[in-house]
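I start from the structure as displayed.

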Amino acid sequence: MEGRIDRIKKQLHASSYKLTPQREATVRVLLEHEQDHLSAEDVYLLVKDKAPEIGLATVYRTLELLTELKVVDKINFGDGVSRYDLRKEGAAHFHHHLVCMECGAVDEIQEDLLEEVETVVEKRWNFLVKDHRLTFHGICWRCSDNRAEESIDHKGNSKDS
Ligand SMILES: [Zn+2]
Ligand SMILES: [Zn+2]
Ligand SMILES: [Zn+2]
């Protein structure tokens with residue numbers, strides 16, 4: 001984690017910003033919750049544990065700054081809440097999301113998978129693709145497993161038969 005913080009620090013410096021203790025506390029929370037998709041308020045509550053004097057406005061401004069510097073991506077899954085997602089190092093484009101309509105779980109796909117689509121868009125619309133947001137809505141594998149188990153139960157068979 002320290003190496004990653006160091007690189008983020010350099011990114012800030014390159015744009016003439018300092019990694020203040022409050023900004024660093026915010027970055028650490030994002031790194032510790034890399035798998036999560038936290039709202040500004042979620043981040044604030046977690047940062048407050050480390051730096052009790054910090055205010056929501058400071059956390060919010062830090063998140064906006066990190067978005068501007070492309071350290072994080074802002075994403076909305078349709079519930080009207082902006083969530084902050086660490087950009088994977090070295091990834092040219094944003095990763096994709098699988099949002100489960102039953103349990104609300106958010107899984108990630110790190111592979112781009114869109115190279116062919118990007119080529120079509122660039123050729124047919126003469127549009128240079130710089131990034132994209134792709135969210136799939138559906139039923140996750142966990143919920144599918146539960147459904148399968150339930151249907152076995154209804155037939156009166158045991159789960160391990
Ligand atoms: Zn994500
Ligand atoms: Zn792409
Ligand atoms: Zn699910």
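I looked up the partners of strand E4 (residues 96-100) and found four bridges to strand E5 (residues 106-109), the two running antiparallel. Strands here are DSSP runs of E, at least two residues, numbered from the N terminus, and two of them pair if DSSP finds at least two bridges between them. His97 has Glu108 of E5 as its bridge partner. The hairpin of E4 and E5 has five residues between the strands, and Gly104 there takes a positive phi near 80 degrees.

E4 is also joined to strand E6 (residues 135-138), by four bridges and in parallel. Leu98 stands opposite Phe136 of E6.

The model is predicted: local features need pLDDT of at least 70, side-chain atom pairs count only at pLDDT 80 or more, and totals for chains, interfaces and linings use all residues. Residues are numbered from 1 along each chain as its sequence is written, while chains are lettered from A and ligands numbered from 1 in the order in which they are written.

Next I checked the domains, whose bounds come from an automatic or database assignment: domain 1 is 1-89 and domain 2 is 91-161. Their centres, taken over C-alpha atoms, are separated by 25 Å. I found six residues of domain 1 in contact with eight of domain 2 (C-beta atoms, placed from the backbone, within 7 Å).

Last, I looked at His93, in the loop between strand E3 (82-86) and E4. Leaving aside neighbours within four places in sequence, His93 is in contact with Asp112, Asp131 and His132. The C-alpha atoms of His93 and Asp42 are separated by 25 Å.

Technical notes: Contact = placed C-beta atoms within 7 Å.
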